[in-house]
Amino acid sequence: DIGVTGVQTCALPISLSDLNDPRIVTSREAGGFGLNAQWSDDFHHALFTVLCPGLVGGYYSDFGSLAQLGKALERTFVYDGEYSSYRDRVHGRTVGSLSQHRFLGFIQNHDQVGNRALGDRIDAVAGMDRAKIAAAIVLMSPFIPMLFQGEEWAASSPFLYFADHEDAEMARLISEGRKKDFAAFGWDPASIPDPENRETFEKSKLKWDEVNEGKHSEMLAWYSELIRLRRSTPCLNDGEPGRTHVSCNEEQKWLSMERGHIRVVCNLSEADREFPVTEESEVVLGSREGVYIENAVLRLPPDSVAIVRVQQTPNGI
């Protein structure tokens with residue numbers, strides 16, 4: 001995994017904690033554990049569940065609304081002292097004044113992909129259009145973006161769970177355990193790749209020769225433009241809390257995020273949507289054809305995202 005910002009890559013140590021406890025990335029002098037950053041699981045879960053409704057379970061059951069994604073973008077933790085039905089208890093604490101650069105934002109990592117039954121990536125699960133939306137939200141978010149190997153070109157290789165234990169009994173238990181785990185979720189055990197089979201490892205290797213082909217080239221260009229915009233735009237590298245503002249409509253399935261003079265507008269519905277903008281607004285990036293501004297109205301086709309440069313916050317959304 002690599003972290004990407006306008007000026008630096010992520011520093012270690014980084015925590016993989018789901019406790020939603022800000023003490024983990026609070027300095028030792030202030031009573032914390034002093035780690036530099038941690039993965040933002042709430043952000044991932046909120047984003048994944050709005051992009052892939054109906055394909056989730058387990059801890060994802062606590063998520064699924066655009067409002068939760070908006071809260072994650074604005075306040076980092078969705079569960080910051082709220083009741084979690086999955087955990088059956090109140091969970092988390094507010095991050096307070098901590099910089100949002102203490103948290104890594106992502107849509108893919110080795111856990112979220114590798115722990116899926118077939119190791120399928122976000123474009124395979126949600127489709128290319130929604131994978132582009134995910135990339136825009138991750139890279140325009142107030143967090144340090146983290147990209148998973150091959151994500152930036154929609155790699156066709158799955159990332160399967162693989163292992164190579166010398167102990168034959170351990171290898172057998174791993175193989176059987178994997179099948180049993182997913183059988184409980186309704187998967188045919190015969191369809192689950194054997195972690196101890198070398199073929200499972202080989203299938204997970206990136207196919208570097210596809211980078212400049214078809215949809216892979218298209219996705220790589222999209223990521224390149226997003227990263228270029230983030231690197232060159234100071235307000236997108238501002239991690240101070242309270243400077244990201246989100247509005248959304250659950251029924252119409254749209255979300256709008258404002259960060260300084262940059263506005264990210266997503267349409268996750270099956271219909272075209274229109275959004276009022278200022279006369280001076282311009283589309284910097286659009287994820288698909290049909291994204292444009294005309295007569296101070298931003299038009300978005302289904303499953304698309306626009307990144308707009310505005311002079312001031314428009315009214316009406």
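Thr244 is buried, at a relative accessible area of 4% (buried means under 20% relative accessible area, exposed over 50%, and partly exposed in between, with a 1.4 Å probe and protein chains only). The model is a predicted one, in which local features need pLDDT of at least 70 and side-chain atom pairs count only at pLDDT 80 or more, while totals for chains, interfaces and linings use all residues. Residues are numbered from 1 along each chain as its sequence is written, and side-chain values use heavy atoms, with hydrogens and water left out.

Thr244 is placed in strand β8, residues 244-249 (helices, H or I of at least four residues, and strands, E of at least two, are DSSP runs numbered from the N terminus). A polar contact of 3.4 Å links the side chain of Thr244 to that of Arg259; such a contact is a pair of N or O atoms within 3.5 Å, where within protein one atom must be able to donate a hydrogen and the other to accept it, and residues adjacent in sequence count only if both atoms are side-chain atoms. Apart from residues up to four places away in sequence, Thr244 touches Leu73, Glu74, Gln100, Pro142, Met257, Glu258 and Arg259 (contact means heavy atoms within 4.5 Å).

Helix α2 was examined next. Seven of the ten residues of α2 are buried, so this helix is largely enclosed by the rest of the structure. The buried residues are Leu66, Gln68, Leu69, Gly70, Lys71, Ala72 and Leu73. They pack against α1, β4 (82-84), α5 (128-140), β8 and β9 (254-259). After α2 comes Thr76, which has a positive phi near 75°.

Lys71 is one of the residues of helix α2 and has a relative accessible area of 13%, so Lys71 is buried. The side chains of Lys71 and Glu82 are joined by a polar contact of 2.6 Å. When neighbours within four places in sequence are set aside, Lys71 is in contact with Thr76, Phe77, Val78, Asp80 and Glu82.

Side chains of opposite charge can pair when their charged atoms come close. A salt bridge is defined here as a side-chain nitrogen of Lys or Arg within 4 Å of a carboxyl oxygen of Asp or Glu, and by this rule the count comes to 21. One of them joins the side chains of Lys215 and Asp123, at 3.5 Å from N to O. Lys215 belongs to helix α8 (residues 214-232) and Asp123 to helix α4, so the pair ties together parts that are 92 residues apart in sequence. Lys215 is partly exposed at 38% relative accessible area, whereas Asp123, at 11%, is buried.

Another salt bridge is formed by Asp303 and Arg130, whose closest N and O atoms are 2.8 Å apart. This pair also links distant parts of the chain, with Asp303 in the loop between β14 (297-300) and β15 (304-309) and Arg130 in helix α5, 173 residues apart. Arg130 is buried, with 13% relative accessible area.

An α-helix has 3.6 residues a turn, so residues three or four places apart point the same way. Glu176 is partly exposed at 33% relative accessibility, and Arg172 is partly exposed at 36%. Elsewhere, salt bridges that share partners join Lys71, Arg75, Asp80 and Glu82 into one network.

The search of the whole structure for aromatic pairs gave twelve. Rings of Phe, Tyr and Trp (its six-membered ring) pair if their centres lie within 6.5 Å; planes under 30 degrees apart count as stacked, over 60 as edge-to-face and the rest as tilted. Phe48 and Tyr60 form a stacked pair, with 5.1 Å from centre to centre and 20° between the planes. Phe48 lies in helix α1 (residues 41-51) and Tyr60 in the loop between α1 and α2 (66-75), so the pair ties together parts that are twelve residues apart in sequence. Phe48 is buried at 6% relative accessibility, and Tyr60 is buried at 9%. Phe48, Tyr59, Tyr60 and Tyr86 make up one aromatic cluster.
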